[in-house]
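This briefing concerns the pairing of charged side chains. The structure is shown first, and the individual contacts follow, grouped by topic.

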Amino acid sequence: MRSEYMRMLSDCEGKLQRTAYYLTRSQTDAAKDLVQNTVVRGYEAYLRGQFTPGTNMLAWLQRILNNLFLTDENHRKKWETARSAEAPDPLLAVKAGIATEPEAALLSNIFSEPVEKALMELSYEMRVCILLVDVDELDYAQAAYVLGIPVGTVRSRLARARIRLHALLCKQEIEQE
Amino acid sequence: MKSNEMVPIKPCKHMEALVSSLSDGSLHGAARWYTMWHLRVCSQCRAALEGFKTLRSRLKSFQDAHSEPRIGNQEAMLKKMDEVDKQFKAEQGVDPEIKCDSVG
């Protein structure tokens with residue numbers, strides 16, 4: 001079972017790693033943990049026969065990854081809320097990947113590549129749509145499955161994300177002149 | 001205006017999702033027909049379509065340049081998978097590898 005699973009995984013692991021990297025806003029350790037947990041959780045589910053052969057393994061694993069990320073984020077946000085009541089620290093929000101707009105702008109300075117920089121300034125909802133459809137090339141139905149939302153929502157969210165991403169790239173070009 | 005990338009994408013508000021979907025080939029049927037008809041009469045949406053296409057090609061080159069990083073700590077992950085195997089064997093009374101043989 002494991003060798004079969006690992007064989008199928010080998011086609012997806014790079015893409016999972018990339019999604020994790022951009023979801024966690026480049027926190028390398030957090031991204032690695034997220035991918036490892038996804039792979040292990042996926043293996044558990046695979047052993048239990050929860051993966052349907054012939055369906056898209058990448059979409060299935062991306063769904064697990066996305067759910068793990070959101071669960072982790074929720075825990076982190078609760079912790080941050082409790083903590084900020086004691087001593088507010090905007091950098092913690094950046095580290096936790098829940099940066100507000102100025103914080104995201106600060107964070108984006110870490111990235112040199114324009115698209116990467118702009119991508120990091122998008123909200124989670126927008127960023128994940130771009131990653132799944134435009135970078136990983138999942139179709140809308142697969143992206144909807146990963147995110148647990150209707151196809152129509154993917155379509156409209158993706159359009160807004162592309163418009164925003166393009167606007168950020170335009171802004172960068174104007175600033176460079 | 002220096003290049004196509006300098007122009008912000010601003011389609012008609014009600015056409016945003018349709019023009020965006022047309023740019024990646026995921027629009028079909030009546031919605032596609034309606035969008036194509038609208039594009040004939042709306043220069044703003046035609047420009048937006050070009051903007052979406054430019055963005056997609058930019059993302060494509062970004063994708064090519066940032067593909068296939070490897071999972072970091074393989075050893076730790078394999079250990080966790082061993083634990084999953086043990087737990088599965090304890091619960092089901094079947095060795096996952098033997099289960100593989102019987103399936104294969």
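In this predicted model, R56(B) and D134(A) form a salt bridge whose closest N and O atoms lie 2.5 Å apart. This pair crosses between chains, running from helix 3 (residues 43–65) of chain B, which holds R56(B), to helix 8 (residues 124–135) of chain A, which holds D134(A). Over all chains, a search of the whole structure finds twelve salt bridges.

- R56(B) counts as partly exposed, at 25% relative accessibility.
- D134(A) is buried, and its relative accessible area is 5%.

- D24(B) forms a salt bridge with R162(A), with 2.7 Å between the closest N and O atoms.
- The pair joins two chains, because D24(B) lies in the loop between helix 1 (16–23) and helix 2 (29–41) of chain B, while R162(A) belongs to helix 10 (residues 151–176) of chain A.
- D24(B) is buried, with a relative accessible area of 19%, and R162(A) is buried, with a value of 0%.
- D134(A), R162(A), D24(B) and R56(B) are joined into one network by salt bridges that share partners.

**A pair within helix 1 of chain A**
- A salt bridge links the side chains of E4(A) and R7(A), at 2.9 Å from N to O.
- E4(A) and R7(A) are separated by about one helical turn, because they stand three residues apart in helix 1 (residues 2–10) of chain A.
- E4(A) is partly exposed, with a relative accessible area of 31%; R7(A) is also partly exposed, with 47%.

Technical notes. Residues numbered from 1 in each chain as written. Chains lettered and ligands numbered in written order. Predicted model: local features only at pLDDT ≥ 70, side-chain atom pairs only at ≥ 80, totals over all residues. Heavy atoms only, no water. Salt bridge = Lys/Arg side-chain N within 4 Å of Asp/Glu carboxyl O. Helix = DSSP H or I, 4+ residues; strand = E, 2+ residues; numbered from the N terminus. Buried < 20%, exposed > 50% of the residue type's maximum accessible area, 1.4 Å probe, protein only.
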